[in-house]
Amino acid sequence: MVEITFECSDGDDKQLDVCGKQVDKGHRSIEALPEEIFVDVIKLYAGSRTPVHHLTTATLVCLRWRTVIEGTPFLWSNISGEDRLHRIRKALKLSGGVPLDLEYDEKTSETKPEAFFREMGPHISRWRTLVAQFNSKDFHFSDLETDPAPILKKLHLFCQPWTSWVKKPTLFGCRPAPTTLEDFKIAGIPLSLGPLHLSGLKELRIIRHATLTAAMALAILRSSLELEVLELNGFEATGSLESDQEAIQLRSLNHLIIDEIPLELAEWLLLKLSLPGLQRLSLSLDFEERPPRIFPLLDPHIPGLKRAVFGASSIQVTFTGSWYGICIGELDLLFGSQLDKNDALAEELFEWLISSFGGGLANIPVNLCLSDCPPDHVLAGWLSSRVKVTRLDVWSDPYFGVHSVDDVVPALASPNGSSSLSRWTLPFLEKLHGNLVWEGDNRRLVNSIRTRQMAGIQSRSNGVERTMGAPEPLKEIWLRYGGKGANRKPPLDEKFIESMRDAAGDAKLYWCDEPWPAGAR
């Protein structure tokens, strides 16, 4: 909440805050501001969750505040379902004829969707933005289905992915979308998109659309050549693609998200989209075989992607089940493969990145993230010799997890090999993050940390070069509970924590994001 102080102009020289409490006279009076700036401050104070409630509170401060606030229609133009119905009606009245920005989330709203949109319907000609999320298959926007919204600029409609639909909803009475529409996002709703003739969009996000065809998706792209953001996510686009179709010039597009769509469509898009302004790319695809055929399709976009990786301070390498990925700056590549050796595929991806963006990437610190993965990934030679892993995150699902931090960390406790020159696993590691499954005493974890720390201290005292693979002691260890009880959090096992404290040596120890012992820094 924004703190507001003022001097009441009704003849009272006391200085009060927005709740009417007296405050220090040293505060500068908000009423000294020009009215237009005062109104902007009130707009910030109102926020977006319960704006009418906050505005009503501010009108109670003094007569002048009430006069200015209630006499400024645009202050009441942001209407949220988290406000109660009587306040929503008040906002509709005081907003006059200004454009409306509507937000509704069925999970958090105080007003039922039927009541909220029954009040909004008669004002559809004033809708400027609508962001709505709901949980049921009932499409509550009857006015939006049948009536035009002539000044609508932003339309975001979300529904839970498990919802089944009896029929496809329509918009605007099956008429084309308003020419003012610039930002369109649909998630989990099988809207009939064909009649909308979407064009002139700046942002387009289509997520989990059950009936979208490839031809329809391409038609939208060809009609929105000024797109700046494009997301195609989680749907099975049907229909064939012609390889001889002309390229689509999206010169303004700077952010592209392709996530689990048919491989054929993804490859076509990467081949046929001309994206000279690309600055951010998120690519998530599932392969049944080795993925290198995607690399040549990315080559034409390298000039733009260099902007995406420029200035990156860290690289994230992720393994989760059959998926593996690398994220550098604004370039996020995630691939799923049925092959067993995902660590080798990840190395192949990294080598492609090195060849495309320069060997300097090998000097950027790496954050290695394992989600229910065996320790084999940690033992991959390239992660210890080719890159500099400084942080390891190990996460195990509290209910279905197989490989916990107690399984993975022992791989860090001895050299990877039997010769005197064998390299320790992840020799540059500085930070360890993990969640614990409270079964057993986690003794292997404690012993492994102790061994690793002692080896690091000994290598320092012996003057062993890190380039020979000797580890540095860990600097930070972050642990938290990750047990299998749905609503059960066992008491802190202080014996375990004290054992870990002793094993950690000089490393800082954190439990559930708090320093241990409490207050330590």
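Trainee: Is Cys369 buried or exposed?
Mentor: Cys369 is buried, with a relative accessible area of 13%. Buried means under 20% relative accessible area, exposed over 50%, and partly exposed in between, with a 1.4 Å probe and protein chains only. Keep in mind that this is a predicted model: local features need pLDDT of at least 70, side-chain atom pairs count only at pLDDT 80 or more, and totals for chains, interfaces and linings use all residues. Residues are numbered from 1 along each chain as its sequence is written, and side-chain values use heavy atoms, with hydrogens and water left out.

Trainee: What does Asp393 touch?
Mentor: Contact means heavy atoms within 4.5 Å. Leaving out residues up to four places away in sequence, Asp393 touches Asn367, Leu368, Cys369, Leu370 and His433.

Trainee: How far apart are the C-alpha atoms of Asp393 and Leu368?
Mentor: They are separated by 6.2 Å, with the two residues 25 apart along the chain.

Trainee: And where does Asp393 sit?
Mentor: In strand E18, residues 388-395. Helices (H or I, at least four residues) and strands (E, at least two) are DSSP runs, numbered from the N terminus. Asp393 counts as buried, at 17% relative accessibility.

Trainee: New topic. Which residues have the most contacts inside the largest nonpolar core?
Mentor: Leu157 and Phe184, in a core of 152 residues. A nonpolar core is a set of buried Ala, Val, Leu, Ile, Met, Phe, Trp, Tyr and Cys residues joined through side-chain atoms within 4.5 Å. Helix H11, residues 342-357, gives the largest share of this core, eight residues.

Trainee: How do H10 and H11 pack?
Mentor: Helix H10 covers residues 302-309, and its axis lies 11 Å from that of H11, at an angle of about 100°. Axes are lines fitted to C-alpha atoms, for helices over the stretch in contact, and angles run from 0 to 180 degrees between N-to-C directions.

Trainee: Which residues meet there?
Mentor: Ile302, Leu305, Lys306 and Val309 in H10 meet Trp352, Ser356 and Phe357 in H11.

Trainee: Last one. Why is H2 largely enclosed by the rest of the structure?
Mentor: Because seven of the nine residues of helix H2, residues 51-59, are buried. Among them are Pro51, His54 and Leu55. The cover over the buried residues of H2 includes helix H1 (35-46) and strand E3 (78-80).
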